[in-house]
Amino acid sequence: MPSDLVHLYMRIDHLPQIWCPGCGNGVIMRDVAVAIDELIHDEDNPIKREDIVIVSGIGCSSRAAGYLDFNSIHTTHGRAIAFATGIKMANPRLHVIVLTGDGDCSAIGGNHLIHAARRNLGLTVICFNNDIYGMTGGQYSPTTPNGDKATTAPYGNVDRPFDIAQLASGAGASFSARGDIYHARETIEIIKQAILHKGFSLVDVYSICPTYYGRKNKKGDAVEMLKWQRDNLVPTARYYSMSEEDRKNKKLVGILSFNDYPEYTEEYAKIVAACRKTKKG
Amino acid sequence: MPKTVLMQGNEAAVEGAVAAGMRFFAGYPITPSTEIAEGCALRLPQEGGKFIQMEDEISSIAAVLGASAAGMKAMTATSGPGFSLMQENIGYGAMAEIPCVIVDVQRSGPSTGLPTSPSQGDYMQARWGTHGDHPVIALSPATVRETYTLIIRAFNLSEKYRTPVIFLMDEIVGHMREDVELPDPSTLKINQRKMSFHDGANKQCYFVPDGQFVPAMKPFGQGERYNITGLAHDESGFPVNSSEIAGKLVGRLLDKVEKNVDDICRVEEVEMDDAETAIVCFGGTTRAVMDAVAAAREAGEKVGMFRPITVWPFPEKALRARLPRLKRILTVEHNHGQMLLEVQRIVGGALSVDFLGRIDGTVISPADILAKLREEGPSHAE
């Protein structure tokens, strides 16, 4: 029997989803649904369900758009952020949430990611980051660690990886954060903040891919991969209470950068208002 | 009172699009189309619209499709290299049935080519640029004034058939300045998108009643939730793996254009009633052809001009109707012979089809055309 959350926010007719056993993507999709549910039911400042638009690209991650029962658009590979830009510009009232993957948003779509971050357009990008191209069968992605194996890196990956949250920060994102599937409650809170953030927000959520990345690199099953997240990814409070020495080789689950730069559509609206006033006057 | 202004073709494209209700433009600078982006940046905020300069042409067409899905009439403009980059998402627009207008101000190619020189080398790209079988409507203006009125028609057709429309300009028309008598805005016919879901039991977002071809559309964020995808999908908008449903969908997309060619196709015919020779041309080549036709007529030669305004689908029926009287066809294009292939397909060996083209970035003159007309017998030289 599916939970209430599934009934409320997922398209039951289109379940079960296509992801492999042990895949982390279902957890992230659940976290997004919980975050939205909590924001819809916020007592002080609820968001409206009909104002939410889910935009996705191509890849394992991007199938989530079809399962979530909101306005949804499943676009072309790498271009979800660019489609989302048009949607947000056309109707700035909308909460435009982009569900994407490491390949979709940082390889083929990397240019759109950095430019949307630079503009500070009010989109929320949730990256389902599993370090691999899953849909096409296990090729290395821009987040596959150096030396790791993939079907296109049979002798080990020569590339050095991106840290997508840092990449977004560097490109000027006014909200950049990291989440994972082990620390679900923390990640849900981060996603909520990202959706409420006025400017561009990105949450790089570490997923797991036991089928391709895990198997190729002898990382064990899904449980073993989750244990790795538990032991190596550290929520904010604990992270900052750790000594610098202890933080080595650990990664923060939390917000990396935050500021209140003016949001793009609000700035553009000022230009429109000024032009119209001049025209009338 | 219509007002007369001195205007460039690219400027007329902006003003015509604004008159058609275009309120969103996303683009990337590229010669010789850049004045369209500049004009939209200036004009759209004055009309309550939005302009954005994207990071490339791929994201420009993607943003245009997003804005259109969210309810705005939207456009982008580019030239050959950018048009090539847009092709994947043009196919997405055809598959997901999202209206928009893509202006391609053609320049000399291939590759970076001669960026400021005229060409009509994208005629076939306009038809076959994106992968898979898909519907295409492409219109090509010959004058600055026609640019203004025809781009309105491009939006009207796009909204009516829910499909991207290619507005195939060239450097000649794009950069030409001439007096334009703009029509009174109240006389313009503007199509609005057929909106809202069908009443009754069938609330499927791609539901098409029997005998019709185009589903009504609802923008995002205004009530009913639905899904848009470039995957083969059923009437609910969700992906399917059924060959039956996929075949039916693509068939309907093609039928939108193929079963409505009479509504979509437009031709300008000059001196064609008694013509024995027809010169077939389009876009910026037309002026030289008109001069050549006038000169030939003065010399007593029965020459006429057949100019597709709708260049895709090619106005086949109209050309066929002229074939019985014709002895010869001369196709004149600023390329290596692209529309020529359509003409040859339609004529099918019934009469001789000659070709005059140019691929060096210079323009074809009336004298070139007259010389070709007066050449003995059929030939295929350039």
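Begin in chain B of this predicted model by selecting helix H1 (residues 9–20) and helix H2 (residues 34–43), whose axes come within 8 Å and cross at roughly 40°. Angles under 35 degrees would count as roughly parallel and those from 65 to 115 as roughly perpendicular; H1(B) and H2(B) are therefore oblique to each other. The crossing of these two helices is right-handed.

Display the side chains next. On H1(B), select B:Asn10, B:Glu11, B:Ala13, B:Val14 and B:Val18; they meet B:Glu35, B:Ile36, B:Gly39, B:Cys40 and B:Arg43 of H2(B). Coloured by class, the contact of H1(B) with H2(B) shows five nonpolar, two polar and three charged residues.

**The two domains of chain B**

Now colour chain B by domain, with residues 3–187 as domain 1 and residues 268–373 as domain 2. The C-alpha centres of domain 1 and domain 2 of chain B are 26 Å apart. Where they touch, domain 1 of chain B contributes 24 residues and domain 2 of chain B contributes 17 residues.

Which elements of domain 1 of chain B give two or more residues to the side that touches domain 2 of chain B? Select strand S6 (114–118), helix H5 (123–128), strand S7 (137–139), strand S8 (164–170) and helix H7 (171–175) of chain B. Of these, H5(B) gives the most to that side of domain 1, with four residues. The residues on the side of domain 1 of chain B that touches domain 2 of chain B comprise 16 nonpolar, six polar and two charged.

**The five-stranded sheet of chain B**

Move on to an open sheet of five strands in chain B, ordered S11-S13-S12-S15-S16 with mixed pairing. Its edges are strand S11 (267–270) and strand S16 (352–357) of chain B, each of which pairs on one side only. From one strand to the next, the twist averages 20°.

Zoom in on strand S15 (residues 328–333) of chain B, which runs parallel to S16(B) and is joined to it by six bridges. For a reference pair, pick B:Arg328, whose bridge partner in S16(B) is B:Ser352.

Helix H12 (residues 339–347) of chain B lies across strand S12 (277–280), S15 and S16 of chain B, and its direction is at about 160° to S15(B). Helix H13 (residues 366–373) of chain B lies across S12, strand S13 (303–308), S15 and S16 of chain B, at about 150° to S16(B).

**The interface between the chains**

Show both chains and select the residues in contact: 38 from chain B and 33 from chain A. On the chain B side, strand S2 (22–27), strand S3 (50–53), helix H3 (57–69), helix H4 (80–96) and S10 each give two or more residues. The most come from H3(B), with nine residues. By class, the side of chain B that touches chain A has 22 nonpolar, eleven polar and five charged residues.

**The nine-stranded sheet**

Finally, follow S10(B) into an open sheet of nine strands with mixed pairing, in the order S9(A)-S10(A)-S7(A)-S8(A)-S4(A)-S3(A)-S1(A)-S2(A)-S10(B). Which are its edge strands? They are strand S9 (233–235) of chain A and strand S10 (227–229) of chain B, each pairing on one side only. The twist of this sheet averages 20° from one strand to the next.

Strand S2 (residues 71–74) of chain A runs parallel to S10(B), and three bridges join them. Select A:His74 here, with B:Thr229 in S10(B) opposite.

Further along, strand S4 (residues 123–129) of chain A is joined by six bridges to strand S8 (residues 201–206) of chain A, the two running parallel. A:Ile126 stands opposite A:Val203 in S8(A). Helix H2 (residues 25–40) of chain A packs on the sheet, where it touches strand S1 (52–56), S4 and S8 of chain A, and its direction makes about 155° with that of S4(A).

Continue to strand S7 (residues 175–180) and strand S10 (residues 251–258) of chain A, which pair in the antiparallel sense over four bridges. The tour ends at S9(A), which runs parallel to S10(A) and is joined to it by three bridges. Here A:Val234 has A:Leu252 of S10(A) as its bridge partner.

Methods
Residues numbered from 1 in each chain as written. Chains lettered and ligands numbered in written order. Predicted model: local features only at pLDDT ≥ 70, side-chain atom pairs only at ≥ 80, totals over all residues. Domains from an automatic or database assignment. Contact = placed C-beta atoms within 7 Å. Nonpolar A, V, L, I, M, F, W, Y, C, P; charged D, E, K, R; others polar. Pairing = 2+ DSSP bridges. Axes fitted to C-alpha atoms, helices over the stretch in contact; angles between N-to-C directions. Parallel < 35°, antiparallel > 145°, perpendicular 65-115°, else oblique. Left-handed = near helix turned anticlockwise from the far one by under 90°.
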